[in-house]
Amino acid sequence: MFNLFSTQTNQATIGETNVTVKVQFSKYSASWFNSDFQLATQINSKKGKGFKLPEESNLKFRQVQRYEIFYRKFYHKRIQQQIKTPFNPDYDEFKRFCATVLSQRIFYILKTALPQLITGRKELIINLYAVNKYLENDLAAYVYSNSTDKAIEMEFSGSALTGRIYFLWVYAHKVDASFLERTLTHELEHHLEHRKGMYLKEEETLKNIAEFMQLNPEAWKGSFPALFEVWCNLYAEGLATFVENRKANQVEIDFKQVQKLKLGLIKLSLLNKKSDAEKLVEKEFRSTAESGEYYLGRLMCYFIGLSFLKQKKTEVLVLSQGKLKLPFTELGLFLEKHSSVKLEQLNEETFKEAYAKLSQIKHHREFIALYTKACQELGLKDSLRIVDTKFYHKLLNNAAGSYKHCREVVMG
Ligand SMILES: [Zn+2]
């Protein structure tokens, strides 16, 4: 049933475009909100030195993410002081407040990070649903099947809105704008990929793969569809995570983690059973949005950005190992010696150049090729590379043998 009060609408004119953000709460009930608020209170009031989650609540990491506020000590202190005063959470106020801050952040992102979503358009509608159900991997999700050229649909975890937005506002009068901005930018970036037709193409190819495998059960390993999805995600999730994190102060690169994931990909490519492949991906690649293809793809984008930086500067700033300016010509050797490093974030100009190039990509093979070129320009040896053309072919060969038929089925 349509409930007028469950939808909060905010509008703004940005450039030539009328943008309407409709935040809908019909899928996030008052009773769910109340129990989330109680849980947030429980978690945040006990937060302090040596705090452990109450075992009886059986909370998993995912759930904690929705309620725990990743903020500076200062907020914690304020919450500890204020939380002693009993507070009656107000569902209507929650809806108004969250709809306002979500809309403001979206307007801001459209003005700054992703103006291509509105350029040349008279109107854009964004339907954002606060949802009760737990979103498996993310705090938010882009619903591409319901998104069109004029309207974008997204879901946002209602628990996260309660625990990380409204709760912080009530007790510390703060809005975690950076959390909202990162999460929303990530999902909005997916809309650009959808507009390029990438998701439809991916679906179509997966269908072709399934048909081919049914007709030729012995030709390819059962892992092939899962592997194909990982390749698609390397670009789609990698780029979204790259954009999402563009304001981070530094970029941490953990080559041990990269190696572990690469070995995971090799293992995956050799699995015969489809169900085993799906299990492996679920276990080793989807544990958090910061691991798996998200992480690998984001780093690949970063190295592509670094190759752009190299055209302008002779040195890159290392923020670990005692901070130093490293000539680009020594980067390869340096990375071979140190398995964990922190490098400078790309400056805005370089980020924009790299992003412009990355946005033009329409297939993950182009992405892998661009990354390979960047590695060559940066002088990175095979062992330092993530998924370059050589490694991609190795995986392809593992899963599809001589992959004679691949060209027609997968490559179009
Ligand atoms: Zn995503």
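A nonpolar core is here a set of buried Ala, Val, Leu, Ile, Met, Phe, Trp, Tyr and Cys residues joined through C-beta atoms within 7 Å, and a residue is called buried if 20 or more other C-beta atoms lie within 10 Å of its own, exposed if 12 or fewer, and partly exposed in between, with C-beta atoms placed from the backbone. The structure is a predicted model, in which local features need pLDDT of at least 70 and side-chain atom pairs count only at pLDDT 80 or more, while totals for chains, interfaces and linings use all residues. Residues are numbered from 1 along each chain as its sequence is written.

The chain holds 16 helices and nine strands, where helices (H or I, at least four residues) and strands (E, at least two) are DSSP runs numbered from the N terminus. Of its 412 residues, 38% are buried. Two residues are in contact if their C-beta atoms, placed from the backbone, lie within 7 Å; among the contacts with a separation of 6 or more, 76% join residues 24 or more positions apart.

In soluble globular proteins, nonpolar side chains tend to be buried together. The largest nonpolar core of this chain has 108 residues, and those with the most contacts inside it are Met 300, Phe 303, Ile 304 and Tyr 371. Helix 8 (residues 224-244) supplies the largest share of this core, 13 residues. Because domain 1 (4-194) and domain 2 (198-409) both give residues to the core, it lies between them; these domain bounds come from an automatic or database domain assignment. When neighbours within four places in sequence are left aside, Phe 303 is in contact with Tyr 371, Ala 374, Cys 375 and Leu 378.

Helix 4 (residues 91-111) has 21 residues and reaches 30 Å from its first C-alpha to its last, close to the 30 Å expected at 1.5 Å a residue, the expected span being 1.5 Å times one less than the number of residues. Its buried residues include Phe 94, Cys 98, Ala 99, Leu 102 and Ser 103. Seen down the axis, the buried residues of helix 4 fall within an arc of 165°, so they line one face of the helix; the arc is that of the directions from the helix axis to the C-beta atoms. Val 23, which lies in strand 2 (residues 17-24), counts as buried because 26 C-beta neighbours are inside 10 Å. Not counting residues up to four places away in sequence, Val 23 touches Cys 98, Ala 99, Leu 102 and Ser 103, among others.

Met 198, placed in helix 7 (residues 198-215), is also buried, with 20 other C-beta atoms within 10 Å. Although Met 198 and Ile 361 are 163 residues apart in sequence, their C-alpha atoms are 9.6 Å apart in space.

In helix 15 (residues 389-400), the buried residues are Leu 395, Leu 396, Asn 398, Ala 399 and Ala 400. These cover an arc of only 165° around the axis, which puts them on the same side of helix 15, whereas Lys 390 and His 393, on the other side, are exposed. The residue that follows helix 15, Gly 401, has a positive phi near 60°.

Strand 7 (residues 315-318) and strand 8 (residues 324-327) run antiparallel and are joined by four bridges, where two strands pair if DSSP finds at least two bridges between them. Glu 315 stands opposite Pro 327 in strand 8. Five residues lie between the strands of this hairpin, in which Gln 321 takes a positive phi near 50°.
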